[in-house]
Amino acid sequence: MRALPAFAAALLTVSLALAGCSMGASDSQDMKADSAAKPAPGQQGAGAAADEGQGEKLTEDGKKAEPDADAAKTHVIRTATLSVEVKSVTKALSEARSVALDAGGVIEDETTERVDDSYITSHVVLRVPEAEYDSVLTELAGTGKLLSRAANAKDVTEQVVDVNSRIATQRASVNRVRKLMDQAQDITDVVALESQLNTRQAELESLLAKQASLADRTTMATVTLDLSERAKEEKDDGDDGPGFLDALGGGWDAFVSVLRWIVVVLAAILPFVVALAVLFVLWRVFGVRLTALRARRTPVVEPVVESAAAPSPDEGKQD
């Protein structure tokens, strides 16, 4: 039993010794880093001073930044495409607008056109909050006959965390450069620090723009909706044969069709009949007159009738 306390004391002694060595090594490395970061007297390097402590995340007051609360949150970009066939595109489009606005979304883009003067199509892009994404899809799909649906979810958590970390570091770097500018007395150092400040400020603004874009795409889902009117449905005759009314209606349609064709044929030959009638009238009027005039101008020649010669006596005897 006495061996156990002795073993524990020895283990504690070894642990304290190792901790002291590691702390000494860490302090030595920090001292070397500080001495390397500090410029020599009279040769203050603007770039080296600006990079001092860049790995630490500091706030604008120079204090160490707190861990990002969004690091544990999952950031997802959600997009969906729906194609729905409806009876009336105008009515369905109004319903889609109402669904998006009631959910707290917006209409980002809309294109509606009439095709061949027979039916209407519409292409709408909606932006809705991520929390209302599923309910909005369900309501939009219920406006008519769903033809197709495609949904996509892209996890961008790593990008969001990386951008947030880089923004914190870049802000701390910009603040350090500004403090160095306040302390600088040499005009050369001031010019160099201004150049560093402009470069890092531009990088910070680029990161902020990327952060805003990611925040917009992760908080607002994009839904693309294509609406089209359904084709006219043909009447189903059913299993029963045609009844009396169906036969009467069919006969009336056939009678009307025959009359229509007769009228069309008469209308087609009417110009020819009129032309022939005009030519006949002209012939009757002018043809008869020309024939009468010709008859008057032509002299009448009486036919000469020769009498038959009497047979001579000699011919009678010969016979």
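Apart from residues within four places in sequence, leucine 146 is in contact with Leu82, Ser83, Val84 and Ala141. Valine 86 lies 60 residues from leucine 146 in sequence, and the C-alpha atoms of the two are 8.8 Å apart in space.

The mean pLDDT of the protein chain is 74, and 66% of the residues reach 70 or more. Over residues 1–63 pLDDT stays under 50, and the model has 41 contacts beyond four places in sequence for this stretch. Residues 234–238 also have pLDDT under 50 throughout, with 0 contacts beyond four places in sequence. Where pLDDT is low, predicted coordinates should not be read in detail.

Strand 4 (145–155) pairs with strand 1 (76–86) in the antiparallel sense, over 10 bridges. Strand 1 is mostly covered, with 8 of its 11 residues buried.

Valine 125 stands opposite threonine 224 of strand 5. Threonine 224 is buried, with a relative accessible area of 17%, a value below the 20% limit for that class. Beyond residues up to four places away in sequence, threonine 224 touches Ala80, Thr81 and Leu82, as well as His123, Val124 and Val125.

Strand 3 is mostly covered as well: 9 of its 11 residues are buried. Strand 2 (residues 106–115) pairs with strand 3 in the antiparallel sense, again over 9 bridges. Valine 106 has arginine 127 of strand 3 as its bridge partner. The hairpin formed by strand 2 and strand 3 has 3 residues between the strands, and aspartate 116 in this hairpin takes a positive phi near 55 degrees.

Tyr133, Val136, Leu137, Leu140 and Ala141 are buried. These residues lie on the same side of helix 4 because they cover an arc of only 125 degrees around the axis. An α-helix has 3.6 residues a turn, so residues three or four places apart point the same way. On the other side of helix 4, Asp134 and Thr138 are exposed.

The largest nonpolar core comprises 23 residues, of which Leu140, Val223, Leu225 and Leu227 touch the most other members. At least two residues of this core come from each of strand 1, helix 3, strand 3, helix 4 and strand 5. Helix 3 gives the most, with 6 residues. In soluble globular proteins, nonpolar side chains tend to be buried together. Leucine 225 touches Leu82, Val84, Ala96, Ser122, His123, Val124 and Leu140, residues up to four places away in sequence not being counted. A second, separate core has 15 residues, including Ile77, Ile167, Val177 and Leu204.

Helix 5 (residues 157–183) contains threonine 157. Threonine 157 counts as buried, at 15% relative accessibility. The side chain of threonine 157 is joined to that of aspartate 155 by a polar contact of 2.6 Å. Threonine 157 also touches Lys73, Thr74 and His75, not counting residues up to four places away in sequence.

How values were computed: Residues numbered from 1 in each chain as written. Predicted model: local features only at pLDDT ≥ 70, side-chain atom pairs only at ≥ 80, totals over all residues. Heavy atoms only, no water. Buried < 20%, exposed > 50% of the residue type's maximum accessible area, 1.4 Å probe, protein only. Helix = DSSP H or I, 4+ residues; strand = E, 2+ residues; numbered from the N terminus. Arc of directions from axis to C-beta. Contact = heavy atoms within 4.5 Å. Core = buried A, V, L, I, M, F, W, Y, C linked by side-chain atoms within 4.5 Å. Pairing = 2+ DSSP bridges. pLDDT = per-residue confidence, 0-100. Polar contact = N/O pair within 3.5 Å; in protein donor to acceptor, adjacent residues only side chain to side chain.
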